[in-house]
Amino acid sequence: MQPFAFGALILVLARAASELWLSRLNKSHVRAHANEVPPAFRGIIDEATYRRSVDYTLAKSRFGDTANVFDSVVLIAVLFSGVLPWAFARLSANFGTSVWAMAAFLVVTAIAFGILGLPFAWYGQFKLEDRFGFNTTTTKTWMLDRVKGFLLAVVLGYPLLVLVLKLIEWTGANWWLSAATIVVAFQLVLLFIAPAVIMPLFNKFTPLPEGALRERLFALAQRTDFPTRSIDVMDGSKRSRHSNAFFTGFGRFRKIVLFDTLIAQLTEAELESVLAHEIGHYKKRHVLKLLAVSMAGVFVAFAAIAWLARQQRFYHAFGFEHQPGFAAASVVPAMLLFALLAGTISFWFSPLVHLWSRHFEYEADAFARATMGEARSLIQALQKLTEKNLSNLTPHPLYSSFYYSHPTLLERERALQARA
């Protein structure tokens with residue numbers, strides 16, 4: 001086995017083994033605290049709800065283990081069975097190597113992987129989530145969501161890929177700079193138009209009705225100098241009883257969004273504190289910082305693809321014929337292989353990414369506390385959301401570092417109380 005192939009196999013197996021080990025570590029930690037409500041949470045969550053949260057956490061972990069093993073087996077099979085170079089050769093022979101044909105190969109391959117994951121998505125929604133009372137979606141809605149997602153991938157992704165591949169022919173050796181710039185520009189356009197064009201394809205957004213809550217939240221936006229034209233309610237209950245709040249878009253398309261489930265679960269003061277937290281992300285420029293890192297990541301990714309496309313041994317390791325030069329057919333295999341292996345590599349950096357994300361959450365919490373003049377409202381909101389969502393109250397710290405982008409409830413409470 002060639003070094004590139006051996007390295008890829010080791011990375012895939014190491015990630016799979018690590019995920020299984022981390023899951024087992026976390027499940028053991030949860031079971032060790034399962035017999036009674038931990039002292040820090042007594043008075044916050046009752047015994048019956050706590051036991052349901054433990055059962056939910058363990059059930060999700062078992063399901064996640066099965067899905068991870070399946071994904072790893074499929075990835076190894078696809079990478080080393082020769083199916084990818086075979087499909088690439090057949091498509092090239094039948095449809096040529098134009099940018100249109102090469103872009104179609106990438107889109108069809110992505111859709112095929114999406115279809116392979118549908119049984120797990122269905123089970124997670126209609127078995128696991130339904131078992132614990134969270135699922136509210138219908139089979140029709142679930143299927144329509146998937147069809148819309150696939151259609152969007154084709155309508156938006158295919159022309160973008162055609163343009164990126166065309167840039168290879170137009171710009172030569174430095175194609176990756178132009179390609180990354182186009183992709184970043186495309187992402188920025190999506191950020192602007194998604195709230196008005198894409199999100200309504202999946203959910204219904206209605207203005208928050210007139211009343212005390214609306215006045216309170218608009219007063220908060222004005223007090224914090226947060227520019228928004230609307231506060232919308234999203235019909236999250238159409239699909240799940242889980243709840244959330246966020247703001248999205250830029251400029252005139254910026255909007256604050258509250259799930260209808262969130263409004264039903266929290267008091268006005270608690271909703272105000274949650275919104276203050278979201279505004280904190282904006283005021284602390286977290287969105288811009290994350291966007292800047294994302295943009296830099298796009299350039300790094302395309303630079304890596306351009307380097308891999310020049311490595312004859314890399315292509316041969318996975319059964320592809322290396323075609324020197326700057327044409328779509330000479331780069332597409334590198335694009336595909338990079339996309340398949342990127343998650344395996346980025347997994348090892350997730351603790352650093354989550355550490356940064358948690359820092360942002362602490363800053364947003366502190367902003368909310370300062371804005372509200374007290375910490376109790378946000379703490380109560382976090383406690384209710386933790387209870388209603390059956391969140392894991394006792395994750396193992398190492399597992400948390402790999403999978404939790406937010407601090408745990410106890411960590412956030414302690415930080416809020418310390419600042420207070």
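In which helix does A153 lie? A153 belongs to helix α6. The views below come from a predicted model, in which local features need pLDDT of at least 70, side-chain atom pairs count only at pLDDT 80 or more, and totals for chains, interfaces and linings use all residues. Residues are numbered from 1 along each chain as its sequence is written, and side-chain values use heavy atoms, with hydrogens and water left out.

**View 1. A153 in helix α6.** Helices (H or I, at least four residues) and strands (E, at least two) are DSSP runs, numbered from the N terminus. A153 has a relative accessible area of 35% and is therefore partly exposed; buried means under 20% relative accessible area, exposed over 50%, and partly exposed in between (1.4 Å probe, protein chains only). A153 and I111 are 42 residues apart in sequence, and their C-alpha atoms are 8.3 Å apart in space.

**View 2. The second largest pocket.** On a 1 Å grid over the protein atoms alone, a cavity is a set of points where a 1.4 Å probe fits but cannot get out, while a pocket is an open set with protein on both sides within 12 Å along at least five of seven lines; lining residues have an atom within 4 Å of a point. Rolling a probe the size of a water molecule over the atoms shows where empty space is left. The volume of the second largest pocket is about 1000 Å³, where grid points are joined across faces, edges and corners and a volume is the space filled by probe spheres set on the points. Its lining has 39 residues, and A110, M335, L336, A339 and L340 lie nearest the centre. At least two lining residues come from each of α1, α2, α4 (99–116), α6 (139–171), α7 (175–198), α11 (286–308) and α13 (328–346). Helix α6 gives the most, eight residues. By class, the lining of this pocket has 28 nonpolar, eight polar and three charged residues. Here Ala, Val, Leu, Ile, Met, Phe, Trp, Tyr, Cys and Pro count as nonpolar, Asp, Glu, Lys and Arg as charged, and the others, Gly among them, as polar.

**View 3. Helices α1 and α2.** The axes of α1 (residues 3–32) and α2 (residues 47–80) come within 10 Å and cross at roughly 170 degrees. Axes are lines fitted to C-alpha atoms, for helices over the stretch in contact, and angles run from 0 to 180 degrees between N-to-C directions. The two helices, α1 and α2, are therefore roughly antiparallel to each other; angles under 35 degrees count as roughly parallel, over 145 as roughly antiparallel, 65 to 115 as roughly perpendicular and the rest as oblique. The contact of α1 with α2 has 14 nonpolar, six polar and five charged residues.

**View 4. S81 in the loop between α2 and α3 (83–95).** S81 counts as exposed, at 51% relative accessibility. S81 and R51 are 30 residues apart in sequence, and 45 Å separates them in space, C-alpha to C-alpha.

**View 5. Q187 in helix α7.** Q187 is partly exposed, at 28% relative accessibility. Leaving out residues up to four places away in sequence, Q187 touches S294 and V298, where contact means heavy atoms within 4.5 Å. Q187 and S294 are 107 residues apart in sequence, but 9.9 Å apart in space, C-alpha to C-alpha.

**View 6. H406 and T408 in the loop between α16 and α17 (409–419).** H406 is partly exposed, with a relative accessible area of 35%. Its C-alpha atom is separated by 8.7 Å from that of H359, 47 residues apart along the chain. Apart from neighbours within four places in sequence, H406 is in contact with R358, E361 and R412. T408 counts as buried at 14% relative accessibility. Not counting residues up to four places away in sequence, T408 touches P395 and S400.

**View 7. Positive phi at D225.** D225, a residue other than glycine, has a positive phi near 55 degrees. D225 is placed in the loop between α8 (212–223) and β2 (231–234). With 58% relative accessibility, D225 counts as exposed.

**View 8. Positive phi at L390.** Phi of L390 is near 50 degrees, again a positive value in a residue other than glycine. The loop that holds L390 runs between α15 (376–388) and α16 (397–403). L390 counts as buried, at 4% relative accessibility.
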